[in-house]
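Reader: I'm new to this and would like to learn how to read strands and helices. Could you walk me through an example?

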Amino acid sequence: MTKIAITPHRLLPLSGEPGALERAGILGGDASPEEVVVAYHERTKHHFHRYAAAQGYMDWATQPDPFRRYTGADLVRLPLPKAGRPLPYWQLYARETVPPAQLSLESVSLFFRYTLSLTAWKQVGETTWPLRANPSSGNLHPTEGYALLPALEHIGDTAAVYHYAPREHALERRAALDAKLWTELIAPFPEGSFLVSLSSVHWREAWKYGERAFRYCQHDVGHALASLRIAAAALGWKLLLLDGVSNSNLSSLLGLDRNEDFAAAEREEAELLVLIAPDFSMPLAADSKPMTAHGAGVFWQGRANTLSLEHSVEWPVIDEVAQATRRCESTPIKEDFSRFPSEYALFGTPVRQGLLSAEKAILGRRSAVAMDGSTAISQVTFFRMLARLIPTHERRGMPWDAIPWRPRIHLGLFVHRVDGLAPGLYALVRDPDKVETLKAAMDAQFAWQRVPDCPFGLPLYLLNEGDCRALAVRVSCGQDIAGDGAFSLAMIADYRDSLATYGAAFYRNLFWEAGMVGQLLYLEAEEAGIRATGIGCYFDDPVHAAFGIASREWQSFYHFTVGGPVEDGRLSTLPAYNLKEER
């Protein structure tokens with residue numbers, strides 16, 4: 001197992017020039033991909049004395065268009081699903097209780113409605129902006145969605161590669177595939193399968209957040225990945241991340257490598273590919289050929305729009321870390337989940353009731369802009385939220401059955417207002433085999449007491465009792481929202497071991513897992529009648545110090561807060577789409 005050398009921390013120059021990591025004295029010209037990742041992660045940390053490099057102000061003249069479109073591509077409008085689908089939210093997690101929907105215009109429409117669609121428009125004065133089902137850092141939405149679908153009535157006479165256009169709730173036909181190519185492409189997979197892919201437009205985040213934007217793009221991919229899995233569950237479908245597909249192969253499959261289609265437009269970074277099918281009872285073929293959508297049987301159309309007329313500053317370190325973290329063709333990850341708790345150990349009696357329908361939870365999800373500093377939640381609600389974040393040994397549970405690796409994101413919790421639970425620092429260890437490892441990594445004075453009254457399968461530990469509201473605010477870039485909720489948390493990644501085990505490409509996976517955790521917290525908060533918010537701005541090393549972590553083996557990858565929201569009365573809410581078009 002390769003060990004990764006960590007360069008001692010220093011103040012890094014904020015230059016955005018190409019090769020900046022080398023010129024900063026952090027790397028040599030022959031740096032390994034893992035060393036590039038480590039250098040990038042250190043460089044983009046926020047500190048009390050300085051933030052990671054960014055422009056420092058909002059250049060409204062270059063604000064990117066939030067909607068990618070392909071001029072010249074056929075647009076297939078999807079009918080808006082009729083509102084009021086009665087499926088309860090809790091049923092998304094109950095295995096085998098939602099019968100698989102037939103793949104059709106209507107089911108494809110509902111799938112994208114629950115994943116990447118608009119959920120509302122907000123307005124203040126003359127200014128409007130859209131919200132989406134998939135949350136995003138700064139509401140900038142770098143994530144683009146694609147689908148590879150067979151010939152379907154009212155969608156297309158041939159199989160095709162489509163780009164999802166959220167403003168129109170429509171599919172743009174990027175490439176038509178002949179029958180032979182589609183048959184070869186889908187041959188390893190179960191009948192009724194289709195493919196969905198995600199990409200990132202780094203510029204959308206870099207415009208505001210500078211060099212740290214790569215991190216936020218990966219968070220958003222994780223949010224979207226969880227959204228895909230949850231939407232599939234609502235339709236009775238299964239979803240599996242095809243983690244053996246290379247980034248270059250995926251870029252070719254989506255046409256993102258076609259220079260002629262991106263002449264003056266911002267490029268997209270291929271991220272991941274998932275398989276969606278009614279059933280995975282049969283094993284997937286192990287000898288499938290690399291996927292491609294190039295050749296005589298492919299007919300491309302459409303050119304990408306330019307999102308900003310000019311870029312006032314470039315951030316080449318983002319390109320460097322993107323290059324370092326691209327996957328090559330690899331053997332899919334397979335890890336053992338047999339030692340994980342059972343569903344009964346986590347929940348006791350299975351949850352079979354709740355406040356919301358799946359539709360209301362998914363489309364009603366909002367990010368709180370402030371917390372009220374007074375709302376408390378019950379122990380039962382708190383424990384249920386955390387239990388949703390733990391895979392089980394019975395098929396790992398939704399959405400964790402979508403990814404093949406054991407949890408590498410664990411939670412350091414700042415508990416403020418949970419009835420019957422002492423305020424203080426807590427830890428949720430999402431992999432039962434990592435308890436002792438985390439104990440050794442954290443402050444030796446921590447108590448590590450199992451929390452009374454919580455389900456015996458929930459690995460929740462009290463570390464240090466006391467009021468930690470000011471601490472939570474201080475390490476979250478001074479944001480009051482971290483101390484005004486019922487609780488907030490740091491997602492602490494098993495960082496160095498992940499890179500050593502799976503290579504630099506797994507850096508993205510860690511953020512994806514963190515984003516998936518965040519998406520479940522969003523939905524669980526909605527179900528509980530409160531709100532949640534992701535926090536991307538935090539002081540990295542002070543967070544580690546708060547939990548007594550001195551080793552660079554563990555790193556904080558995302559923050560979150562959950563509690564009673566303060567609504568902004570200045571804002572008006574408008575429908576996402578023309579409701580007259582619903583049917």
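This is a predicted model: local features need pLDDT of at least 70, side-chain atom pairs count only at pLDDT 80 or more; totals for chains, interfaces and linings use all residues.

Reader: Okay, and how do strand 18 and strand 19 pair?

Author: In general, strands of a sheet pair through backbone hydrogen bonds, either parallel or antiparallel. Here, strand 18 and strand 19 (residues 554–563) are antiparallel, with five bridges. Pairing takes at least two DSSP bridges between the strands. Strands (E, at least two residues) and helices (H or I, at least four) are DSSP runs, numbered from the N terminus.

Reader: What is the strand order in the open sheet of seven strands?

Author: The order reads 15-16-14-13-17-19-18, with antiparallel pairing. Strand 15 (449–450) and strand 18 (531–535) are the edge strands, each pairing on one side only. Helix 15 (residues 495–502) lies across strand 17 (487–494) and strand 19, at about 35° to strand 17.

Reader: And which strands form the open sheet of three?

Author: That one has the order 4-3-20, again with antiparallel pairing. Its edges are strand 4 (127–132) and strand 20 (572–574). From one strand to the next, the twist averages 30°. Strand 3 (residues 118–124) is joined to strand 4 by six bridges, and Leu118 stands opposite Arg132 in strand 4.

Reader: Now helices. How are helix 6 and helix 16 packed?

Author: Two packed helices are described by the angle between their axes and the distance between the axes. Axes are lines fitted to C-alpha atoms, for helices over the stretch in contact, and angles run from 0 to 180 degrees between N-to-C directions. Contact means heavy atoms within 4.5 Å. Helix 6 (residues 213–234) and helix 16 (residues 506–527) pack at about 55°, with axes 6 Å apart.

Reader: Why are helix 6 and helix 16 called oblique to each other?

Author: Their angle is about 55°. Under 35 degrees counts as roughly parallel, over 145 as roughly antiparallel, 65 to 115 as roughly perpendicular and the rest as oblique, so helix 6 and helix 16 are oblique.

Reader: Is helix 8 mostly covered or mostly uncovered?

Author: Mostly covered: seven of the nine residues in helix 8 (residues 316–324) are buried, meaning under 20% relative accessible area with a 1.4 Å probe, protein chains only. Among them are Pro316, Glu320 and Ala324.

Terms used:
Residues are numbered from 1 along each chain as its sequence is written. Side-chain values use heavy atoms; hydrogens and water are left out. Buried means under 20% relative accessible area, exposed over 50%, partly exposed in between (1.4 Å probe, protein chains only).
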